[in-house]
Amino acid sequence: MKHENPETELVREQKQYIRILEEQLSVCKEQIKAQELLIEKQRQALALFAEAFSDGEGK
């Protein structure tokens with residue numbers, strides 16, 4: 001097996017590390033989207049609950 005020179009090996013390792021970071025960033029972006037959707041659904045549920053609660057108080 002031919003050994004790479006230290007600079008080439010370092011560049012290869014850095015590229016691999018960058019790919020891993022890019023994959024992690026992609027996962028984080030998807031998690032943020034999911035959290036935003038969950039927050040919106042919770043906001044809608046809270047609005048419905050508040051509306052039902054205020055309707056119940058008027059009776």
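How many salt bridges does a search of the whole structure find? The search finds two, a salt bridge being a side-chain nitrogen of Lys or Arg within 4 Å of a carboxyl oxygen of Asp or Glu. The structure is a predicted model, in which local features need pLDDT of at least 70 and side-chain atom pairs count only at pLDDT 80 or more, while totals for chains, interfaces and linings use all residues. Residues are numbered from 1 along each chain as its sequence is written, and side-chain values use heavy atoms, with hydrogens and water left out.

The C-alpha trace spans about 85 × 15 × 10 Å along its principal axes. The radius of gyration of the protein is 25 Å, whereas a compact globule of 59 residues would have a value near 10 Å. That radius is taken over C-alpha atoms, and the globule rule is 2.2 Å times the number of residues to the power 0.38. His3 belongs to the segment before α1 and counts as exposed, at 70% relative accessibility.

Next comes the surface. Buried residues make up 0% of the 59 residues, where buried means under 20% relative accessible area, exposed over 50%, and partly exposed in between (1.4 Å probe, protein chains only). The accessible surface comes to about 5900 Å², and 61% of it belongs to carbon and sulfur atoms. These areas come from the Shrake-Rupley method with a 1.4 Å probe, and for residues only the protein chains shown count as cover.

Now back to the two salt bridges. In one, Lys33 pairs with Glu30, and the closest N and O atoms are 3.6 Å apart. Because Lys33 and Glu30 are three residues apart in helix α1 (residues 6–57), about one helical turn separates them. Lys33 is exposed at 52% relative accessibility, and Glu30 is partly exposed at 47%. In the other, the side chains of Glu40 and Arg43 meet at 2.7 Å, N to O. Glu40 and Arg43 are also three residues apart in helix α1, so they too are separated by about one helical turn. Glu40 is partly exposed at 29% relative accessibility, as is Arg43 at 48%.

Leu46, Phe49 and Phe53 make a nonpolar surface patch of about 360 Å². Patches are made of residues with over 30% relative accessible area and no salt bridge, with like charges joined within 9 Å and nonpolar side chains (Val, Leu, Ile, Met, Phe, Trp, Tyr) within 5 Å. Phe49 lies in helix α1 and counts as exposed at 57% relative accessibility.

Notes:
Helices (H or I, at least four residues) and strands (E, at least two) are DSSP runs, numbered from the N terminus.
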